[in-house]
Amino acid sequence: MKVSLAKPVLGKEEEVAIKKVLASGMLAQGSVVAEFEKKFANFCRVKYAIAVNSGTAALHCAIHACGIGKGDEVITTPFSFISTANSILMQGATPVFADIDPLTFNIDPQEIEKKITKRTKAILPVDLYGQIYDIEAVNKIAKRHNLKIIEDACQAHGAKFKSRKAATFGNVGCFSFYATKNMTTGEGGMVVTNSKQYSDLVRKFRHHGQQIGSRYQYSDLGFNYRMTNIAAAIGLEQLKRVDGFNKKRIKNAAKLTEGLRDIKGIVTPLVKKNYKHVFHQYTIRVTNEFKMTRDELLQYLKDKNIASAVFYPNPLHLSPHLRKLGRYTKQNFPVAENASKQVLSIPVHPLLTKKHMDYIIDVISKI
Ligand SMILES: *Cc1c(COP(=O)(O)O)cnc(C)c1O
């Protein structure tokens, strides 16, 4: 048996939808993108959704819309994908890291509090692996210090806290539709907000800073962050099915937890009360009590044809271009650094069957 770590679920529906766009001859941003935006806004239950061509572009647009620029500080997690921090740098602002909670791997509210200065403008929490950040604590801090919140929900399409969806807990939320995410458009992204002002700013920013509705009138610096109709056509089909994909991920995760939770040295993922975790990744912690190191386990699984990966092996503050800020060295964020040595993401995607799950559990249990 061969078990892959990620595989997009694509079918006849996507094929038909793409062909329709090709036949129309309208390939770039157009009516299909507009329809995708409308339906995605409904999915998140927000007023505005603005499609862009990557999750990174979505983050850049969101940070711009919040008015963040040179001299400003944005507090974020060192345990994420690099574009979380890079998008802050793209606006000339400074990413200020705060360590994570060892149980959820998300930013630790108490650590945020310590990092607030006069220059702090916003908090950028990430819904890592598919579970939303600690909303109640983080949002309270933001309110008390008058900070904006930009939610990186790139791994959390359809995740919830109580009845509310991911990306709707701050001023602006961001999604990625990269091929391995819970839903895909190949490459793509989305900004969601309830603010008309932010929505307009993002629309301009993704389209060269042109005034909406009047071409070649430039009011500000902008980029080409537009999504194509081809990508949006895939997105519309994926959106119809994402709840089903998530249901399958949650079911697979439950099966893995049932089979792995009693193994000494393996810590299975925590699902917090009132939170709907959509398991973009199913990430275990391999501690010193396990019979192998994390890296040995990764290699062992590979030999058994089970793919796994480390998200993320290098905490962001240790990457050379962020070290250059002169703020960070090793040991600054012990919880994130320890997590990077212990985490391992194993297969959970919707195309896996009970047989695959049983095989993974069997292989790990027999070690
Ligand atoms: C995927 C991802 C991004 C970036 O999305 P792209 O579409 O690859 O640009 C940003 N943040 C997180 C947490 C992600 O997982």
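**Exercise 1. Find which residues lie nearest the centre of the second largest cavity, and sort its lining by type.**

Step 1: The second largest cavity has 14 lining residues, and Lys7, Pro8, Val9, Lys181 and Arg249 lie nearest its centre. Here a cavity is a set of points on a 1 Å grid over the protein atoms alone where a 1.4 Å probe fits but cannot get out, and lining residues have an atom within 4 Å of a point.

Step 2: Sort that lining and you get 7 nonpolar, 4 polar and 3 charged. Asp, Glu, Lys and Arg count as charged, Ala, Val, Leu, Ile, Met, Phe, Trp, Tyr, Cys and Pro as nonpolar, and the others, Gly among them, as polar.

Before you go on: this is a predicted model, where local features need pLDDT of at least 70, side-chain atom pairs count only at pLDDT 80 or more, and totals for chains, interfaces and linings use all residues. Residues are numbered from 1 along each chain as its sequence is written, and side-chain values use heavy atoms, with hydrogens and water left out.

**Exercise 2. Work out whether His60 is buried or exposed, and what it touches.**

Step 1: His60 counts as buried because its relative accessibility is 2% (buried is under 20% relative accessible area, exposed over 50%, partly exposed in between, with a 1.4 Å probe and protein chains only).

Step 2: Skip neighbours within four places in sequence, and His60 is in contact (heavy atoms within 4.5 Å) with Ser87, Met90, Gln91, Phe205, Phe223 and Tyr225.

Step 3: Now look across the chain: the C-alpha atoms of His60 and Cys174 are 9.5 Å apart, though 114 residues separate the two along the chain.

Methods. 1 Å grid on protein atoms, 1.4 Å probe; cavity = no way out; pocket = protein on both sides within 12 Å on 5 of 7 lines; lining within 4 Å.
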